[in-house]
Every structure is written in C-alpha cells, then in structure tokens.
Amino acid sequence: MNSAWNKGMIHYSSAPDEVFQAYSAQYVTDMEAFLLARGHEIVCDGLMFILVPAIADDTLISQTSPGLLLDVLGSCLMELAKTDIVDEAKMDSFNMSSYLTSPKQVKELVERTGCFTIERLEMLETNFPPASGAQILTNHMRAASEEIFKQHFGFSDDDLEKLFDLYSKRLVDPLSIFTKSEDKSFQMFLVLKRNSVTIAQ
C-alpha cells in the first residue's frame with residue numbers, strides 16, 4: 001500500500017476509497033487462501049466453525065464502533081507526533097492490519113472458492129460499552145497493539161503510557177455516539193460444510 005494514500009491515518013476507516021480497496025483486496029486474497037487450505041484438510045461433509053468481526057452489508061466502517069476506536073487511536077498517535085514521540089514518517093507508513101468483512105462478501109468468497117457451503121450464518125450482537133467503559137476498551141486495545149507499536153515506532157513503556165492515557169481520555173466523548181444510534185458491527189458466526197468438490201493441488 002502506498003503510504004501517501006493514508007497519510008496521517010492508521011486504518012481504512014475515514015480514509016480515501018483506494019485505501020479501503022487495498023484492504024479489501026488483501027482480505028479477499030487471504031480469505032481465499034484460508035478456505036482453500038482448510039478445504040484440503042477437512043473431509044467431505046466435515047464442518048468448520050468460524051467467528052469473525054463484521055459489519056452490515058453496504059455499511060461504512062467509519063459509522064461503526066471499531067472504526068471509531070481506530071480513528072481515535074490514529075488521532076492520538078498524530079498528537080504524539082507533534083511532540084516528537086512518534087516519527088511522522090513512521091506514522092505515514094503504518095497501517096493497522098484489521099479488516100471487517102460483511103455477510104455479502106463472505107458469501108461471495110465461499111461460493112467462489114467452491115469447497116464449502118454455508119450451513120449457518122448468524123449475526124451475534126456486540127454490546128458496546130457506555131462511556132464508563134473507556135478504560136476497559138483502552139486495556140483491550142493496548143493488549144492487542146502495544147507490541148506492534150514497540151516494533152514499528154520503537155516505543156518505550158513510558159511512551160505507551162502516554163499514548164493509552166490520551167486514548168482513554170479521548171474515548172469518553174466519542175463513545176456517547178453509540179448510546180444514541182445503532183452500531184452496525186457484530187460478530188458473524190459461520191458453520192461451513194465441506195462439499196465434494198475436488199480442489200486442485
């Protein structure tokens with residue numbers, strides 16, 4: 001991905017369309033490889049259970065809680081860049097490798113790869129915490145990303161404390177958005193059945 005496409009951002013949420021397309025294309029490549037690999041492993045009529053984060057069809061990720069959380073994190077990193085804690089060039093080359101698919105896209109991928117059929121697809125509601133849950137969300141985000149930040153930006157423990165303290169404070173107001181409107185993100189539960197199609201080696 002050309003870093004200039006996503007200057008000042010860390011994710012495809014709120015980014016130009018070409019950034020979203022790059023993320024989507026990579027997801028399609030990875031998911032097709034995953035399905036084909038599992039197709040080689042699973043016997044005919046065998047079942048595979050998958051739980052993946054997703055958003056409703058034709059929904060912008062910027063309108064969902066995961067998109068909001070990553071937008072806020074990106075703004076915090078940009079704030080630290082102004083104080084020289086974060087190198088701006090490293091910021092522009094950094095993108096979180098997180099993608100939310102949709103039921104429509106998954107159905108198309110399963111059909112195209114051809115080795116599975118969807119036996120069950122359920123959308124499990126994600127209960128987004130109120131503003132009082134900002135610290136809980138901060139802890140989850142830190143657990144998932146602090147090692148990435150250490151590797152890419154060379155953050156010290158003190159740098160991480162500054163980043164996630166700022167993140168927790170900034171979450172409080174944005175979180176109130178989702179007490180007023182429906183969040184269209186959820187966990188998608190899939191049961192896939194291996195069919196009798198022969199997969200090329």
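Modeller: The cover over the buried residues of helix 4 includes helix 1 (17-41), strand 1 (47-55), strand 2 (116-125) and strand 3 (185-194). The model is a predicted one, in which local features need pLDDT of at least 70 and side-chain atom pairs count only at pLDDT 80 or more, while totals for chains, interfaces and linings use all residues. Residues are numbered from 1 along each chain as its sequence is written, and side-chain values use heavy atoms, with hydrogens and water left out. Helices (H or I, at least four residues) and strands (E, at least two) are DSSP runs, numbered from the N terminus.

Helix 4 comprises residues 103-113, and its buried members are Pro 103, Gln 105, Val 106, Leu 109, Val 110 and Thr 113. Viewed down the helix axis, these buried residues fall within an arc of 165°, so they line one face of helix 4; the arc is that of the directions from the axis to the C-beta atoms. On the other side of helix 4, Glu 111 and Arg 112 are exposed. Buried means under 20% relative accessible area and exposed over 50%, with partly exposed in between (1.4 Å probe, protein chains only). An α-helix has 3.6 residues a turn, so residues three or four places apart point the same way. Just after helix 4, Gly 114 adopts a positive phi of about 80°.

Helix 4 lies across strand 1, strand 2 and strand 3, and runs at about 165° to strand 2. Helix 1 also lies across strand 1, strand 2 and strand 3, running at about 170° to strand 1. Axes are lines fitted to C-alpha atoms, for helices over the stretch in contact, and angles run from 0 to 180 degrees between N-to-C directions. Contact itself means heavy atoms within 4.5 Å.

The three strands form an open sheet in the order 1-3-2, with antiparallel pairing. Its edges are strand 1 and strand 2, each of which pairs on one side only. Neighbouring strands of this sheet are turned by 20° against each other on average, direction ignored. Strand 2 and strand 3 pair over nine antiparallel bridges; two strands pair if DSSP finds at least two bridges between them. Thr 117 has Lys 193, in strand 3, as its bridge partner.

The largest nonpolar core holds 27 residues, and those with the most contacts inside it are Tyr 12, Leu 35, Met 48, Phe 116, Met 188 and Leu 192. Helix 1, strand 1, helix 4 and strand 3 are the elements that give two or more residues to this core. Helix 1 supplies its largest share, six residues. Such a core is a set of buried Ala, Val, Leu, Ile, Met, Phe, Trp, Tyr and Cys residues joined through side-chain atoms within 4.5 Å. In soluble globular proteins, nonpolar side chains tend to be buried together.

Ser 24 is buried, with a relative accessible area of 11%. Leaving aside neighbours within four places in sequence, Ser 24 is in contact with Tyr 99 and Gln 105. Tyr 99 is also among the residues touched by Tyr 12, as are Val 19, Phe 20, Tyr 23, Ile 61, Ser 98 and Leu 100, not counting residues up to four places away in sequence.
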